[in-house]
Amino acid sequence: MFFSAFLFHGLCVGRAKVDILRHVGEASDGDDEASAPEPGPSTPPSGGVRVQVRDKYVIMDNDILQVTLSNPGGSVTGIQYNGIDNLLEEQNSEFNRGYWDVVWSAKQSNKTKGKLDRLDGTKFEVIVENDEQVELSFTRMWNLSLEGEAVPLNIDKRYVMLRGSSGFYTYAVYEHLAEWPAFNIGNTRTVLKPRKDKFHYMAIADNRQRYMPLPDDRLPDRGQVLAYPEAVRLINPVEPEFKGEVDDKYEYSCESKDIQVHGWISKDPPIGVWQITPSYEFRSGGPVKQFLTSHVGPTSLNVFVSAHYSGVDLTMRFGPNEPWKKVYGPVFIYVNSMSNGEDPRSLWMDAKEQLIVEAQSWPYKFPALEDYVQPSQRGNVIGRLLVLDRYISKECLMANGAYVGLAPPGDVGSWQRETKGYQFWTRADEEGNFSISGIIPGHYNLYAWVPGFIGDYKYEKNITISAASNIDVGELVYEPPRNGPTLWEIGIPDRTASEYYVPDPDPQYINPLYINHPDRFRQYGLWQRYTVLYPDEDLIYTVGTSDYRKDWFFAQVTREIGNNTYNGTTWQIKFTIYSIDHTGTYKLQLALATAHVSELLVRVNDASASSPLFSSGVIGRDNTIARHGIHGLYWLFSINVPGTELIKGENTVFLTQIGSRSPFQGIMYDYIRLEGPPSSNSPDRF
């Protein structure tokens with residue numbers, strides 16, 4: 001049976017009295033007024049939480065698990081649990097089992113890669129020590145002698161263990177002082193590496209879990225590297241069942257809002273190791289930014305900042321004289337177990353139940369770090385969002401399912417490129433009502449976007465959150481971009497290309513997890529299928545006849561012409577108009593789900609016109625096509641089409657993507673719509 005009481009350990013969050021020790025080695029006086037958490041059924045006996053400080057290690061122990069950390073570095077070197085001496089990979093060095101890291105570069109760099117800094121601490125302190133809680137601090141203070149060698153940040157990594165808890169928490173605060181050098185951060189995260197001889201089953205969602213290949217299967221004598229190092233075809237794997245599969249960590253990416261619990265399961269003995277994140281307020285890029293999760297290693301990641309699926313736009317750039325401080329986490333490292341004979345995959349269901357407990361306890365009360373904002377110091381915002389599109393309805397519509405969030409002040413839609421502050425998001429109910437709680441004090445804008453409508457909403461007033469504030473913004477009305485009546489449309493405005501045709505993969509590049517799966521776009525090499533499906537000419541879509549679910553390829557990619565050379569492609573949209581307002585202006589609403597080093601040219605009725613009607617310029621570095629995504633950063637272009645460009649009868653819009661250096665250059669369309677002139681008496685007949 002599960003240790004079911006572990007599902008309730010979050011209750012002790014509000015009960016335990018936190019004793020902050022202001023000096024190293026200062027002990028609790030023992031006069032703790034808080035009572036111990038009430039145990040649930042089948043709770044194993046648990047004494048208080050204890051800490052042992054040794055020369056090179058620090059050990060947290062609560063009689064359920066024992067966690068060993070390097071001293072003073074603050075890496076997790078061991079997790080002892082349920083009779084297993086160490087759940088982490090002991091063949092790795094002690095500093096390559098559980099850790100925080102940052103990828104950073106000097107300010108002049110314009111790339112997403114840089115130096116890796118493991119954020120090793122140089123000083124250790126016991127911050128809280130009592131029967132209910134232990135909190136440890138591993139710090140590193142930056143100074144000019146470290147310039148060029150270490151990321152210019154003060155780092156304070158924290159680890160917390162609670163009584164009766166089947167796991168431990170970790171969080172950190174990063175600080176950059178104004179007088180320090182300018183620099184960039186491309187990536188920061190926590191990493192866990194469970195034992196490869198035990199943990200073979202990976203779970204990141206109800207419908208995304210499977211037995212995984214071994215890391216040895218990626219070695220040169222067993223695997224074939226494909227178009228980039230992360231993608232390897234398994235030629236001679238240790239387990240024959242994986243032969244012919246493609247392993248690629250990007251096939252297991254998730255949107256931020258969905259990265260709440262993921263991890264690994266051992267069958268013998270049946271044990272799970274999970275990273276649980278009850279809030280994504282500290283991640284960059286908003287709710288649909290995609291991040292890596294777990295992958296072959298076994299490796300489990302919790303990524304807070306990343307340029308994946310976005311490129312340099314999501315790199316954190318710090319200029320001169322720019323002070324900054326931010327708390328990342330806490331995240332919960334949860335371990336669970338069950339009796340032999342039961343299905344080990346049930347551990348996934350237990351981990352999801354634990355996520356509910358953690359989410360109900362968020363924001364946590366136990367962190368002792370002064371920079372962590374306690375629940376009583378946070379604020380709340382409520383309101384209602386409506387949509388007014390007079391060409392659909394004269395009355396306001398409910399913004400059902402709208403994404404509504406607070407993010408640092410900026411332009412309309414700037415939240416998707418925001419990296420330095422906190423973001424707080426929710427989904428509106430079917431009547432457009434929304435409630436956002438637990439907001440850290442500060443200055444924000446309220447942003448929103450509504451599935452089914454193009455564009456972004458921004459509330460015209462700034463919102464200032466103070467401690468315990470409750471703000472009601474009332475009814476807000478979003479008027480999406482609209483010029484005139486819809487003449488035709490392609491796709492669904494949901495910021496993804498998932499509704500379009502995603503082909504079957506090449507049989508030699510299959511991940512069986514994604515066969516007949518909603519995320520079929522995560523198969524390797526789908527960009528190559530375009531040339532196979534359109535060997536002689538590019539895609540032609542006829543409005544009124546074609547079906548975007550079958551006839552619109554999910555990505556406008558380059559065409560391979562041999563010897564690793566490529567051509568740009570031109571897609572055509574054919575449509576018929578019987579009557580035209582030659583004095584009016586039509587509008588082509590062109591929403592992109594992603595772009596990678598692409599330039600899109602739009603022409604009407606003349607594919608060879610020297611001057612296109614529109615050029616996007618070179619946009620995007622999302623690399624979504626290579627990384628098996630279905631969206632990256634969102635782009636919206638509203639393109640004027642003079643009535644003089646149209647003719648009675650059949651017309652053609654030519655969409656040319658001219659980039660041709662790589663198979664991964666291209667764009668994905670979210671939605672395309674041609675609107676008539678704004679006159680209510682428009683004579684257009686489509």
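## Cavities

Val76, Gly98, Tyr99, Trp100, Tyr159, Phe168, Thr170, Thr190, Val191, Leu192, Gln275 and Ile333 line the second largest cavity of this structure. A cavity is a set of points on a 1 Å grid over the protein atoms alone where a 1.4 Å probe fits but cannot get out, and lining residues have an atom within 4 Å of a point. Strand E5 (98–106), E10 and strand E11 (183–192) are the elements that each give two or more residues to this lining. Helices (H or I, at least four residues) and strands (E, at least two) are DSSP runs, numbered from the N terminus. The lining of the second largest cavity comprises eight nonpolar and four polar residues, and no charged ones. Here Ala, Val, Leu, Ile, Met, Phe, Trp, Tyr, Cys and Pro are nonpolar, Asp, Glu, Lys and Arg charged, and the others, Gly among them, polar. The space in this second largest cavity is about 70 Å³, a volume being the space filled by probe spheres set on the points, which are joined across faces, edges and corners.

A search of the whole structure finds five cavities of 30 Å³ or more. The largest cavity holds about 130 Å³ of space. Its lining consists of 14 residues, and Val288, Gln416, His631, Gly632 and Leu633 are those nearest the centre. Seven residues in the lining of the largest cavity are nonpolar, five are polar and two are charged.

## Basis of the model

The model is predicted: local features need pLDDT of at least 70 and side-chain atom pairs count only at pLDDT 80 or more, whereas totals for chains, interfaces and linings use all residues. Residues are numbered from 1 along each chain as its sequence is written, and side-chain values use heavy atoms, with hydrogens and water left out.

## The nine-stranded sheet

An open sheet is formed by nine strands in the order E7-E8-E9-E10-E24-E19-E18-E12-E13, with antiparallel pairing. Two strands pair if DSSP finds at least two bridges between them. At the edges stand strand E7 (123–129) and strand E13 (208–211), each of which pairs on one side only. From one strand to the next, the twist averages 15°; axes are lines fitted to C-alpha atoms, for helices over the stretch in contact, and angles run from 0 to 180 degrees between N-to-C directions.

Strand E7 is joined to strand E8 (residues 133–140) by six bridges, and the two run antiparallel. Within this pair, Val128 stands opposite Glu135 in E8. Helix H1 (residues 346–361) packs on the sheet, where it touches strand E10 (167–176), strand E12 (199–205), E13, strand E18 (261–267), strand E19 (270–276) and strand E24 (324–337). Contact means heavy atoms within 4.5 Å. The direction of H1 makes about 35° with that of E19.

## Backbone features

Two cis peptide bonds may be described. The bond from Gly297 to Pro298 is cis, with omega near -10°, and Pro298 lies in the loop between strand E21 (294–295) and strand E22 (299–306). Gly329 and Pro330 are also joined by a cis peptide bond, with omega about 5°; Pro330 belongs to strand E24.

Tyr309, a residue other than glycine, has a positive phi near 65°. Tyr309 is located in the loop between E22 and strand E23 (316–318). Is Tyr309 buried or exposed? Tyr309 counts as buried because its relative accessible area is 1%; buried means under 20%, exposed over 50% and partly exposed in between (1.4 Å probe, protein chains only). Asn564 likewise has a positive phi, near 55°, and is found in the loop between strand E37 (559–562) and strand E38 (565–567). With a relative accessible area of 64%, Asn564 is exposed.

Technical notes: On a 1 Å grid over the protein atoms alone, a cavity is a set of points where a 1.4 Å probe fits but cannot get out, and a pocket is an open set with protein on both sides within 12 Å along at least five of seven lines; lining residues have an atom within 4 Å of a point.
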